[in-house]
Amino acid sequence: MKGTEVWGHYEPSVNEPILHEREETGDENLADQAVIQTVLHGGKAHLVENMPIAAKLAAVMRY
């Protein structure tokens, strides 16, 4: 969804994102980072205005 904000940071020691309800010091918008990393690694990102599920983000991964 356009303007989606998912605040938090990636924690390499546990290989997981740490999420927050609101922006905290040191956070970044992980939705933006997901798109950036997808494109940098040769993937495609698409904006879907009317998603059929109630979620901020969705992904399809293929190998």
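The legends below describe close-up views of a predicted model.

**View 1. Overall fold of the chain.**
The chain contains one helix and three strands. In sequence order these elements give the pattern β-β-β-α. Strand E1 covers residues 7–11, strand E2 covers 16–20, strand E3 covers 28–29, and helix H1 covers 30–40. The C-alpha trace spans about 30 × 25 × 15 Å along its principal axes. The chain has 63 residues, of which 13% count as buried.

**View 2. Strand E1 at Trp7.**
Trp7 is located in strand E1. Its relative accessible area is 16%, and Trp7 is therefore classed as buried, the cut-off being under 20%. Ile18 is eleven residues away from Trp7 along the chain, and the two C-alpha atoms are separated by 8.5 Å.

**View 3. The loop between E1 and E2 at Asn15.**
Asn15 sits in the loop that runs from strand E1 to strand E2. The phi angle of Asn15 is positive, about 55 degrees, although the residue is not a glycine. Asn15 counts as exposed because its relative accessibility is 56%, and the cut-off for exposed is over 50%.

Glu23 belongs to the loop between E2 and E3. With a relative accessibility of 52%, Glu23 counts as exposed. Leu40 is 17 residues from Glu23 in sequence, and the distance between them is 25 Å, C-alpha to C-alpha. Gly26 is also found in the loop between E2 and E3. Gly26 has a relative accessibility of 65% and so counts as exposed. From the C-alpha atom of Gly26 to that of Gly43, 17 residues apart along the chain, the separation is 27 Å.

**View 4. The buried acidic side chain of Asp27.**
Asp27 lies in the loop between E2 and E3. Asp27 is buried but forms no salt bridge. The nearest side chain of opposite charge belongs to Arg22, 11 Å away; a salt bridge would need a side-chain nitrogen within 4 Å of a carboxyl oxygen. What Asp27 does have is a polar contact of 2.8 Å, side chain to side chain, with His20.

**View 5. The two ends of helix H1.**
After H1 comes Gly42, which has a positive phi near 85 degrees.

**View 6. The largest pocket and its lining.**
The largest pocket holds about 1200 Å³ of space. Its lining is made up of 35 residues, and those closest to the pocket centre are Thr38, Lys44, Ala45, Ala58 and Ala59. Strand E2 and helix H1 are the elements that each give two or more residues to this lining. H1 makes the largest share, with eight residues. By residue type the lining of the largest pocket comprises 21 nonpolar, eight polar and six charged residues.

Methods: Residues numbered from 1 in each chain as written. Predicted model: local features only at pLDDT ≥ 70, side-chain atom pairs only at ≥ 80, totals over all residues. Heavy atoms only, no water. 1 Å grid on protein atoms, 1.4 Å probe; cavity = no way out; pocket = protein on both sides within 12 Å on 5 of 7 lines; lining within 4 Å. Points joined across faces, edges and corners; volume = space filled by probe spheres on them. Helix = DSSP H or I, 4+ residues; strand = E, 2+ residues; numbered from the N terminus. Nonpolar A, V, L, I, M, F, W, Y, C, P; charged D, E, K, R; others polar. Buried < 20%, exposed > 50% of the residue type's maximum accessible area, 1.4 Å probe, protein only. Lys, Arg positive; Asp, Glu negative; His and termini not counted. Polar contact = N/O pair within 3.5 Å; in protein donor to acceptor, adjacent residues only side chain to side chain.
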